[in-house]
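Student: I'm new to this structure and would like a close look at one part of it. Could you walk me through the nonpolar core and what lies around that topic?

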Amino acid sequence: TEPAYNDAAFAAITPGTSGAYSAGEALYLEGNYNWDTTITINGGTFISEHNYAIRAQFLEEDAEHNIEINGGTFEGAQGVIFDKHADNTYADTHNPSDAALALDAVTVTNGSFSSNVSDYCIDGFTAEQGQDGKYTIKMKDNMAVTVTDADGNTVGAYETLDEAIAVAGSGDIITLLDDVN
């Protein structure tokens, strides 16, 4: 049987595609409420032919927001992650820190991207453009230590053991990749 849903709530979704049709993003997240929001993307394909692959509007400071991209393909005609919050039509009614809330929520550990997402990479990683024009996530040169959480997710890569120890939490695993002082 078909799942029950409110037609009005899904009016912006075009059958056979993904994303918000009215905004044009492949994935549109709005968290303007006092609720914690965590989105974890471990794979999939997110393509917007007209706009950004991902747009996040988190305008509430009293909640925790996280968008973790651990894999997948992200392509947008305007870019991967909407970063023009200060230019949007709501800028005059919201706090200027709203843009920082939305962009600070994004962390990238892996994937393929149509634009540079280095600003969102976890510590010690960067996005590197390949011959095909796509960006993939690579560990920066000179990283000697990685930190992995208890679930096997990379927390970051560091040049020194002291940096890794400072970041590691209880149950995290520190791995030496090279000789350290």
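Tutor: Here is a walk through the core, followed by a few spots beyond it. Keep in mind that this is a predicted model, where local features need pLDDT of at least 70, side-chain atom pairs count only at pLDDT 80 or more, and totals for chains, interfaces and linings use all residues. Residues are numbered from 1 along each chain as its sequence is written, and side-chain values use heavy atoms, with hydrogens and water left out.

First, the setting. The protein chain has two helices and 14 strands; these are DSSP runs numbered from the N terminus, with helices being H or I of at least four residues and strands E of at least two. Of its 181 residues, 34% are buried, meaning under 20% relative accessible area, while exposed means over 50% and partly exposed is in between (1.4 Å probe, protein chains only).

Now the core itself. A nonpolar core is a set of buried Ala, Val, Leu, Ile, Met, Phe, Trp, Tyr and Cys residues joined through side-chain atoms within 4.5 Å. The largest one here has 26 residues, and I69, F74, V108, F113, V117 and I137 have the most contacts inside it. Several strands supply at least two residues each, among them β1, β5 (65-69), β8 (106-108) and β11 (135-139). The largest share, three residues, comes from β4. In general, nonpolar side chains tend to be buried together in soluble globular proteins.

Take I69 as an example. Leaving out residues up to four places away in sequence, I69 touches I41, I54, F74, V106, T107, V108, T109, N110 and F113, where contact means heavy atoms within 4.5 Å. There's also a second, separate core of five residues, including A144, V147, Y158 and A164.

E25 sits in the segment before β1 (27-30), and N51 is in the loop between β3 (45-48) and β4. E25 counts as buried because its relative accessibility is 2%, and N51 counts as buried at 16%. Their side chains are joined by a polar contact of 3.5 Å; that term means a pair of N or O atoms within 3.5 Å, and within protein one must be able to donate a hydrogen and the other to accept it, with residues adjacent in sequence counting only if both atoms are side-chain atoms.

For contrast, look at I165 in helix α2 (residues 161-167). With a relative accessible area of 47%, I165 is partly exposed.
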